[in-house]
Amino acid sequence: MIHIKYVSTMKIHKEGRWILSSILFILVLINIIIYFSFSKVFLDVNIVLSAFTFFFFTYFFRNPSRAGDIDDPSLVIAPADGTVVVIEPTVEHEYFQDKRIQISIFMSIFNIHANWYPIAGVVKYVKHHNGKHFAAYRPKSSRENERCSVVIQTPLKSKILVRQIAGVLARRIVTYASPQKSCHLNEHLGFIKFGSRVDIFLPLDAEVYVAHGEKTVGGETIIARLKE
């Protein structure tokens, strides 16, 4: 596996700020009610559970700002933290309608769920599809789950498709891409809330640098190189 050097800082993702504020308000309200209605032992237990709950959601919405230095437009960078679960040639039916190399990265609830643009270029296509919520690691999730597909044309005139896929727990896909938008590495493509997957469809002649079961770091791990 190949990585690029980057500088990382940690903060809370903007998609989680309202949710965290709401959770904090509800937890404080519950603890106030318990304080006036139940014993101190019950209050102490609930304070511990409340702290754990708030910590978990804060951990989930953590947002590292990764600033890597990449000057090779042919490199494809991992769009997400997670585990590579698929590397195979497959027919991409939505946009290309031909055979492509599919690389799929599964994100558990413990992974960072921000998604990065895997390559610089111009967005040519964006489409959100409503769908089911099968487990994101299952092959049919790429076709049947709620998902959003984004096609990027690189400076080398190659096109790749990135697909955000909701999983069993995920109930919202956020995508910042829009047609004709210029996109850059180190820039967020979007965010998927609670367990999900990202598929990438590359030209058949792309050189793949990752293997099945390997861990990826979004915005850092080099997963492939496109032919010029």
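The face of helix α2 turned away from its buried side carries K40, V41, V48, F52 and F55, which are exposed. Exposed means over 50% relative accessible area, buried under 20%, and partly exposed in between, with a 1.4 Å probe and protein chains only. The model is predicted: local features need pLDDT of at least 70, side-chain atom pairs count only at pLDDT 80 or more, and totals for chains, interfaces and linings use all residues. Residues are numbered from 1 along each chain as its sequence is written, and side-chain values use heavy atoms, without hydrogens and water.

**Helix α2**

Helix α2 spans residues 40-60 and has 21 residues. From first C-alpha to last it reaches 30 Å, close to the 30 Å expected at 1.5 Å a residue. The expected span is 1.5 Å times one less than the number of residues. Helices (H or I, at least four residues) and strands (E, at least two) are DSSP runs, numbered from the N terminus.

Buried residues in α2 include L43, N46, S50 and F60. They cover an arc of only 115 degrees around the axis, so they lie on the same side of α2. The arc is taken from the directions from the helix axis to the C-beta atoms. An α-helix has 3.6 residues a turn, so residues three or four places apart point the same way.

What does S50 touch, not counting residues up to four places away in sequence? S50 touches L27 and N31. Contact means heavy atoms within 4.5 Å. S50 counts as buried, at 10% relative accessibility.

**The open sheet**

An open sheet of 8 strands runs in the order β12-β8-β9-β10-β14-β6-β5-β16, with antiparallel pairing. The edge strands are β12 (182-183) and β16 (215-216), and each pairs on one side only. Two strands pair if DSSP finds at least two bridges between them. Strands of a sheet pair through backbone hydrogen bonds, either parallel or antiparallel.

| Strand | Partner | Sense | Bridges |
|---|---|---|---|
| β6 (residues 98-107) | β14 | antiparallel | 7 bridges |
| β10 (residues 159-166) | β14 | antiparallel | 6 bridges |
| β8 (residues 121-129) | β12 | antiparallel | 2 bridges |

Strand β14 (residues 196-202) is mostly covered, with 7 of its 7 residues buried. S196, V198, I200 and L202 point one way from β14. R197, D199 and F201 point the other way, and all are buried. In a regular strand the side chains alternate between the two faces of the sheet.

F106 has R197 in β14 as its bridge partner. I165 stands opposite R197 in β14.

C183 is buried, with a relative accessible area of 1%. C148 is also buried, at 2% relative accessible area. The structure holds 0 disulfides. A disulfide here is a pair of cysteine sulfur atoms within 2.5 Å.

**Strand β3 and R62**

R62 sits in strand β3 (residues 62-68). Is R62 buried or exposed? R62 is buried, with a relative accessible area of 13%. The C-alpha atoms of R62 and H113 are separated by 8.4 Å, and the two residues are 51 residues apart along the chain.

**Aromatic pairs**

How many aromatic pairs does the structure hold? There are 4 aromatic pairs. Rings of Phe, Tyr and Trp (its six-membered ring) pair if their centres lie within 6.5 Å; planes under 30 degrees apart count as stacked, over 60 as edge-to-face and the rest as tilted.

Y35 and F36 form an edge-to-face pair, at 4.9 Å centre to centre and 85 degrees between the planes. Y35 and F36 are exposed. Y95 and Y125 form a tilted pair, at 5.0 Å centre to centre and 50 degrees between the planes. This pair links distant parts of the chain: Y95 is in the loop between β5 (82-92) and β6, Y125 is in strand β8, and they are 30 residues apart. Y95 counts as partly exposed, at 26% relative accessibility. Ring pairs link Y95, F96 and Y125 into a cluster.

**The chain as a whole**

The chain has 3 helices and 17 strands. Of its 228 residues, 49% count as buried. Among contacts with a separation of 6 or more, residues 24 or more positions apart account for 74%.
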